[in-house]
Amino acid sequence: MLADRHPDVAMNASVLYVDHGDVLTSAGTASAIDACLHLVRSRLGAQAANRVARRLVVAPHREGGQAQYIERPLPARSTDDPVSRVLEWALQHLDESLTVDRLAAVAHMSRRNFIRAFRGATGATPAAWVRSRRWTRRDAARRPTTPGTTAASAP
C-alpha cells in the first residue's frame, strides 16, 4: 500500500524494521515491537531490552534485516490433489523421516514435479514445511494443559 501511494519512496518489504539513525520504521504491528526493543537495546542496553521482552513474552532480539515470516495456510483439502493428500498424511507422520523422495512417493509423483507442485501449493519447500509443522507441534506440546491455566510463565 505504501509503495502504491508513494512510488518515489525506496522500500524494502522483506525486513522487519529499518533504523536509519534519525528514523526507525517497521513493517507492521509485531515488527514494531521488534523495532521498539531495538531502540531500548541501543539506548539502554541489552539487559533492559531483555527485561522488557520478558515482560512482553516476546523474543528479546530479532534482527531488523530478518525476513518477515508470513504463515501460509494449508491449501483447500481435495482428495483429487496429491499435494493435499501428502500434507494430510505428513501431519500424521511428523515423528518419522519425511524426505522429499518419501513424500513424492506418497503423492505418486516424480521428485521434481512434486517439489514444484508442493512449492506452488504451500509457498515453501517440503523440508521447510515439515520443519515448521514440527516446531508448531513442539510448541503446542509445551503449552500448559491444566484446565483454567491462562498465564504463561516467563523464561
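**Close-up 1. Gly 28 sits in the loop between strand E2 (24–26) and helix H2.** This is a predicted model. Gly 28 is partly exposed, because its relative accessible area is 31% and the buried class ends under 20%, while the exposed class starts over 50%. Tyr 17 is eleven residues away from Gly 28 along the chain. The C-alpha atoms of Gly 28 and Tyr 17 are 8.7 Å apart.

**Close-up 2. Ser 31 is a buried residue of helix H2.** Its relative accessibility is 6%. That counts as buried because the cut-off is under 20%. Leaving out residues up to four places away in sequence, Ser 31 touches Leu 16, Tyr 17 and Ser 26.

**Close-up 3. Helix H2 (residues 29–44) and helix H3 (residues 46–56) have axes that come within 7 Å.** The two axes cross at roughly 150 degrees. H2 is therefore roughly antiparallel to H3, since angles over 145 degrees fall in that class. From H2, the contact takes in Ile 33, Leu 37, Val 40, Arg 41 and Leu 44. From H3 come Ala 46, Ala 48, Ala 49, Val 52, Ala 53 and Leu 56. By class, ten of the contact residues are nonpolar, none is polar and one is charged.

**Close-up 4. Helix H3 has a buried side, and exposed residues on the face turned away from that side.** Ala 48, Ala 49 and Ala 53 are the buried residues here. They lie on the same side of H3 because they cover an arc of only 135 degrees around the axis. An α-helix has 3.6 residues a turn, so residues three or four places apart point the same way. H2 is included in what covers the buried residues of H3. Gln 47 and Arg 55 are exposed, on the face turned away from the buried side. Just after H3, Val 57 takes a positive phi of about 55 degrees.

**Close-up 5. Helix H4 is lined with buried residues along one face.** Val 83, Ser 84, Val 86, Leu 87 and Ala 90 are buried in H4. Seen down the helix axis, these residues fall within an arc of 160 degrees, so they line one face of H4.

**Close-up 6. Helices H4 and H6 pack with their axes 10 Å apart.** The angle between H4 and H6 is about 80 degrees. The two helices are therefore roughly perpendicular to each other, since that class runs from 65 to 115 degrees. H4 brings Val 83, Val 86 and Leu 87 to the contact. H6 brings Phe 114, Ala 117, Phe 118, Ala 121 and Thr 122. Seven residues of this contact are nonpolar, one is polar and none is charged.

**Close-up 7. The largest nonpolar core has 15 residues.** Leu 98, Leu 103, Phe 114, Phe 118, Trp 129 and Val 130 touch the most other members.

**Close-up 8. Leu 98 is among the core residues that touch the most other members.** Leave aside its neighbours within four places in sequence, and Leu 98 is in contact with Trp 89, Ala 90, His 93, Leu 103, Val 130 and Arg 134. Of these partners, Leu 103 and Val 130 are also named among the core residues that touch the most other members.

Notes:
Residues are numbered from 1 along each chain as its sequence is written. This is a predicted model: local features need pLDDT of at least 70, side-chain atom pairs count only at pLDDT 80 or more; totals for chains, interfaces and linings use all residues. Side-chain values use heavy atoms; hydrogens and water are left out. Axes are lines fitted to C-alpha atoms, for helices over the stretch in contact, and angles run from 0 to 180 degrees between N-to-C directions. Helices (H or I, at least four residues) and strands (E, at least two) are DSSP runs, numbered from the N terminus. Angles under 35 degrees count as roughly parallel, over 145 as roughly antiparallel, 65 to 115 as roughly perpendicular and the rest as oblique. Contact means heavy atoms within 4.5 Å. Ala, Val, Leu, Ile, Met, Phe, Trp, Tyr, Cys and Pro count as nonpolar, Asp, Glu, Lys and Arg as charged, and the others, Gly among them, as polar. Buried means under 20% relative accessible area, exposed over 50%, partly exposed in between (1.4 Å probe, protein chains only). A nonpolar core is a set of buried Ala, Val, Leu, Ile, Met, Phe, Trp, Tyr and Cys residues joined through side-chain atoms within 4.5 Å. The arc is that of the directions from the helix axis to the C-beta atoms.
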